[in-house]
Amino acid sequence: MSIRRLPESLVNRIAAGEVVERPASALKELIENALDAGAQAVSIALRQGGLGGVCVSDDGHGMSRDDLPLALERHATSKLPDEAIEAVRTLGFRGEALPSIGSVSQLTISSRQATADGWRLICDNGVLGSVTPCAMAPGTRVEMDGLFERVPARRKFLRSARSEYAACLDIVRRLAMARNDVAFVLEHDGRRVFSLPDGQTREDRVAQLIDRELADNHVVVSLEREDVTISGVASLPTYHRGSADHQYLFVNGRPVRDRLLVGAVRGAYADFIARDRHPVLALFLTVPMADVDVNVHPAKTEVRFRDPAFMRGMIVSGLRRALDAAGMRVANRPEASAAELWQREDAAMAPQAWPQPSPGGAYGGASLLGDRQARFTGFAPSGRAEVPAPEREAERGEFPLGVARGQVARTYIVAEAEDGLVLVDQHAAHERLVLERMRRALADGAVARQALLLPEVVELDEPACDRIEARASELAELGLEVERFGPAAILVRAAPALLGASNVTGLVRDLADDLASLGDAASLKARLDLVAATMACHGSVRAGRVLSVTEMNALLREMEVTPHSGQCNHGRPTWIKLAHGDIEKLFGRH
Ligand SMILES: Nc1ncnc2c1ncn2[C@@H]1O[C@H](COP(=O)(O)OP(=O)(O)OP(=O)(O)O)[C@@H](O)[C@H]1O
Ligand SMILES: [Mg+2]
């Protein structure tokens with residue numbers, strides 16, 4: 001076959017394959033165009049998650065009559081005046097979004113410049129109509145209907161209206177977060193999802209878009225180094241979620257997805273937060289144009305940094321400083337009172353068996369606890385022990401995990417077994433017990449549930465509510481009785497009895513995150529470990545909770561009779577034992 005030049009319509013369709021994958025990707029291009037046009041207000045209306053249609057209106061500078069057909073021409077852009085892609089400050093610059101969208105849908109563009117009349121142009125699956133007059137306020141309105149109607153091969157890759165809506169909402173959120181100076185209104189199927197005023201502070205905007213509770217639970221990030229700045233909002237270590245989906249990164253005002261962020265955030269919070277929990281944050285990097293390449297992806301959702309290590313360092317330092325300023329940093333040296341706490345305990349707690357805290361080493365027992373010591377943050381260092389009832393003494397021999405002697409850092413149970421010293425990670429152990437209890441209960445029928453005295457209303461965004469609702473019957477089997485309560489809330493009527501008086505709101509929120517990561521396929525029973533871990537997180541035995549000796553012993557006894565209780569759901573040990581011989585070695589006694 002001889003080589004031929006492809007007709008423009010086909011070229012556009014090929015480009016559309018990269019730029020327009022689903023309604024959300026077209027929506028992204030349209031909102032970006034509105035922002036590039038200097039809009040102060042952007043209004044978005046979606047039908048059926050964008051499958052039924054997408055409409056974006058703005059009050060930006062508009063287009064002239066002559067510009068309308070050009071906007072639909074490939075590689076026609078007003079945004080690269082001096083051919084310097086490196087210097088581009090607009091969100092768009094490739095000049096291919098509108099022709100791509102227009103080649104696979106029916107696209108209607110109406111536009112008016114402030115001092116001129118309004119004009120309209122329709123592009124029906126690549127076929128341009130003629131420009132006709134239209135009455136409208138200054139600005140631009142772009143409507144996209146029937147996406148992929150003429151491209152059945154692409155249409156079948158579209159997901160349900162529910163999933164497409166979730167993707168659209170994510171796009172609007174990111175762009176609205178990037179531009180807190182611009183007003184945004186989002187409507188879905190005729191219903192107002194949100195209306196964000198212009199000129200909101202960044203903190204307010206981010207909190208309104210992610211979670212209102214963030215407004216009271218955040219630190220402000222602000223750091224400048226060389227000519228790079230980082231600013232933004234990050235949650236306190238005590239406010240976290242079950243997935244990293246609520247972490248947003250912006251580079252020079254452009255929302256980007258970058259693996260760099262995940263690692264850097266984990267690094268910054270490593271000492272403060274359990275590994276399976278994730279802070280919520282929105283970080284804005286301002287970087288000299290020469291240090292970042294924005295033209296690495298047709299959808300412009302990724303960037304390439306000249307010096308990624310430096311950027312990672314900026315994110316870690318920015319977050320660290322903000323967290324330090326909030327007083328969350330672990331004290332490296334124990335306060336005098338902590339040392340006293342130990343000494344005030346009953347003298348029967350033979351001091352020679354317990355290394356005394358010295359001013360140089362927190363908890364003294366660093367060799368036992370290793371580098372995890374740094375995780376015990378947010379609490380003043382505290383050791384606590386209670387005198388066991390005398391009859392317990394005799395029982396020590398019968399129990400492999402021994403008798404509880406106390407609790408360290410509100411996280412570890414210290415127990416004395418006949419042959420040594422046992423340390424239990426109370427949270428990891430409890431997580432495991434919950435999983436095993438649920439497995440047993442499911443095998444026996446259903447998990448016991450406890451009705452809430454007052455049903456609890458949990459506010460969540462619509463896609464999260466959809467996900468919970470779709471799994472309601474599976475959740476009911478696990479003891480969680482939920483029902484939809486309006487578009488953006490879930491009503492909880494009963495919770496699994498084995499969780500005790502737990503934080504139902506946090507539980508439902510985290511389950512929604514879990515379900516997002518699970519996708520549509522897996523059954524909850526098949527991923528019971530995930531659900532159990534989340535439930536256990538909201539159960540009574542969190543890390544950081546003071547336990548009584550009775551509670552500690554109850555946990556130890558249950559661990560002894562529960563299969564697989566030696567490892568947590570993520571494969572880490574739930575307890576370790578230091579045999580008497582090992583302790584003697586530590587003290588050079590042998
Ligand atoms: N909402 C709008 N208001 C004013 N002008 C617009 C609007 N949307 C598009 N245009 C004009 O149409 C041109 C083409 O838009 P299109 O999105 O196809 O390309 P681009 O934004 O220049 O680059 P990219 O393909 O990277 O998005 C733009 O350069 C701009 O001049
Ligand atoms: Mg564009």
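Reader: Which strands does helix 9 lie across?

Author: Keep in mind that this is a predicted model. Helix 9 (residues 308–325) lies across strand 10, strand 11, strand 13 and strand 16, at about 135 degrees to strand 10.

Reader: What makes strand 10 and strand 14 edge strands?

Author: The sheet is open, with 5 strands in the order 10-11-16-13-14 and mixed pairing. Strand 10 (218–225) and strand 14 (254–256) each have a single partner strand, so one side of each has no neighbour in the sheet. From one strand to the next, the twist averages 20 degrees.

Reader: How do you know that strand 13 and strand 16 pair?

Author: Pairing takes at least two bridges, and these strands have 5, in the parallel sense. One of the bridges joins Q247 to L281 in strand 16.

Reader: Why is the contact between R484 and D466 called a salt bridge?

Author: The cut-off is 4 Å between a side-chain nitrogen and a carboxyl oxygen. Here the closest N and O atoms are 2.7 Å apart, so the pair qualifies.

Reader: What makes R192 and E187 a salt bridge?

Author: Same test: their closest N and O atoms are 3.6 Å apart, within 4 Å, so they count.

Notes. Residues numbered from 1 in each chain as written. Chains lettered and ligands numbered in written order. Predicted model: local features only at pLDDT ≥ 70, side-chain atom pairs only at ≥ 80, totals over all residues. Heavy atoms only, no water. Helix = DSSP H or I, 4+ residues; strand = E, 2+ residues; numbered from the N terminus. Axes fitted to C-alpha atoms, helices over the stretch in contact; angles between N-to-C directions. Contact = heavy atoms within 4.5 Å.
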